[in-house]
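Subject: Structure for your review

Dear colleague,

Please find below the structure that I am handing over to you. My findings follow directly after it.

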Amino acid sequence: MPTSCVIIGGGIAGISAALALTKIGVQCTVYELRVAPSTIGGSINLTPNALRLLEFLDVEVQGCPVDSIEIFSLHTGKLIGELPFKKFGPGLRILREELLRSLLRATDKKGINVVYDSKLIAIKDDSEDSKVTAVFANGKKVEADFILGCDGVHSAVRTQYVESSRKPEYTGVAVAYSIIDGTGIKTHFRSTGFNSGRFGSLITSYFDPDRTQIYVGAVMEIKEENDKQGWRIRENDRQKTMDEIERRYKNSALPCVDKLIKEVEDFMFYPVYKLGPRGIWSRGRVLLLGDAAHGMPPQGESTGLAIEDSVLFARVVESNPQTPIEATFKLYEKTRRPRIDTAYKEAVSRWENAKDRSWFFQKVIEWMMWAFLWYKSADFESSMSYDVRIEEIVVEPEVEPLS
């Protein structure tokens, strides 16, 4: 069994992978591009099965318990649907940076080293060498039995080594989010509200145990900028974002929405990218995990999928101690692909529905929401009850010798 691993990316996928592999005796070092842990990203939903995996990894998290996600119409103010978690145990709404802090506390306890300000510039994987090497901009070269690329949808590992032609695609939708003090505001939602309208959706949710702070996230169709510089200008144009939010969500039938928007001092803005379907996940002794492999629009389980990747991969490694790491990667991929492909299709479909639509189409969606959720309830229950720790690992069939 391999004994050492270099992990590129110190986000949720990378730290989860380090914890899972350390649990089976693989020594991991994590290298992160940024100079400090990332604070980018708003509130995320941890499903009951994601919470069970965090407990398995000895990660302690605190946030706002969520027994269901309520869906409201911005036009009528009515409750038009609900996604219940009660049957599977409560979910948890938490800030992404708080989850990352919780993961990093667990790495400290396990003695896992996270090295910041480390920009990957090359990977050397010569079959004649016993190790694969990661080369960094500061001149440092690090050898290991294998490398994991856990560096997100804009992965350097993928673009520099695994599959250079697979570039991120803009989804046509951006998110603007903020955090406000919810003291004294009477909300229409218990924990998390998904507020649906013609010109995008507004996510409103408590995320702290005391339910005093509220995350406000606007999901809306935004024309693509031509380049990175264009996006930087758009991200820094705060007034333009505020005007956009007011145009889309002001004068809602939900009084709470206007109050929440008025309380916002500034919105963080970011465009949402995805990768094309399928794609290559590994090359030689290098494997992609999380968004680096299967970046998809957020769909309520994205964080959990990254944690699942890590736990399943560690299981495959532990179950095949005599198998070459390249073959182990293939076993992992064959086991993991079906669930990821299903989640990807669902995420892309949901994200398309976040775009602007006609008054009539919005009405149809609101009329049919309860029926649609009922129709999808079996899939939802299957996903919520899924446990990657008992997933049957695909085994390569033995080839009969030719007679």
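Contact, as the word is used here, means heavy atoms within 4.5 Å. Please note that this is a predicted model.

With that definition in place, I begin with helix α7, which spans residues 255-263. Its buried residues are Cys 256, Val 257, Asp 258, Leu 260 and Ile 261. These buried residues pack against β13 (169-181), β15 (200-206), β16 (213-221) and α6 (238-249).

Leaving aside residues up to four places away in sequence, Thr 328 touches Val 316, Val 317, Asn 320 and Thr 323.

The surface carries a patch of negative charge in which Asp 126, Glu 128, Asp 129 and Glu 143 gather. Of these residues, Glu 143 belongs to strand β11 (residues 141-144). Glu 143 has a relative accessible area of 55% and is therefore exposed, the cut-off being over 50%.

The other patch is nonpolar and covers about 540 Å²; Trp 359, Phe 360, Trp 367 and Met 368 make it up. Trp 367 sits in helix α11, which runs over residues 359-375. With a relative accessibility of 59%, Trp 367 is likewise classed as exposed.

Yours sincerely

How values were computed. Residues are numbered from 1 along each chain as its sequence is written. This is a predicted model: local features need pLDDT of at least 70, side-chain atom pairs count only at pLDDT 80 or more; totals for chains, interfaces and linings use all residues. Side-chain values use heavy atoms; hydrogens and water are left out. Patches are made of residues with over 30% relative accessible area and no salt bridge: like charges are joined within 9 Å, nonpolar side chains (Val, Leu, Ile, Met, Phe, Trp, Tyr) within 5 Å. Accessible areas come from the Shrake-Rupley method with a 1.4 Å probe; for residues, only the protein chains shown count as cover. A salt bridge is a side-chain nitrogen of Lys or Arg within 4 Å of a carboxyl oxygen of Asp or Glu. Lys and Arg count as positive and Asp and Glu as negative; His and the chain ends are not counted. The place of a charge is taken as NZ of Lys, CZ of Arg, CG of Asp or CD of Glu. Helices (H or I, at least four residues) and strands (E, at least two) are DSSP runs, numbered from the N terminus. Buried means under 20% relative accessible area, exposed over 50%, partly exposed in between (1.4 Å probe, protein chains only).
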